[in-house]
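Here are a few friendly notes to read alongside the model. Please have the structure open as you go through the points.

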Amino acid sequence: MNGNQIEGLVGMVLVLGILVLMALPSVLGVLRDRRVDRQIREAHEDRGEREPRKAQKSSSRSTVPSTATWYADGRRSKKFVSS
């Protein structure tokens, strides 16, 4: 191998190393999510449930309007008269 080939090989290894370092967090995150999903599925099976329960909406939720609703209502109540 001559100097140009070694330089090309070193460059290629560095690029592949950087690619692995950038992809590693994503791969680890996917593996962690799959592990957590499996643990949740196993916990539901241990309890005798086939499917996870869906969250039920509470009827006792606060009915206070949001800031955007309050602002829009205030704008609608004002009478703008062009002169």
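1. Let me start with glutamate 42, which is partly exposed at a relative accessible area of 39%. Here buried means under 20% relative accessible area, exposed over 50%, and partly exposed in between, with a 1.4 Å probe and protein chains only. Its partner is arginine 38: the two side chains form a salt bridge at 3.9 Å, N to O. Arginine 38 is partly exposed too, at 40%.

2. A word on the source: this is a predicted model, where local features need pLDDT of at least 70, side-chain atom pairs count only at pLDDT 80 or more, and totals for chains, interfaces and linings use all residues. Residues are numbered from 1 along each chain as its sequence is written, and side-chain values use heavy atoms, leaving out hydrogens and water.

3. The salt-bridge count is 1, taking a side-chain nitrogen of Lys or Arg within 4 Å of a carboxyl oxygen of Asp or Glu. Arginine 38 and glutamate 42 sit 4 residues apart in helix 1, about one turn of the helix.

4. The protein has 2 helices and 0 strands; these are DSSP runs numbered from the N terminus (helices H or I, at least four residues; strands E, at least two). Of its 83 residues, 2% count as buried.

5. Do look at methionine 12, in helix 1 (residues 3–46). Methionine 12 counts as partly exposed because its relative accessibility is 48%.
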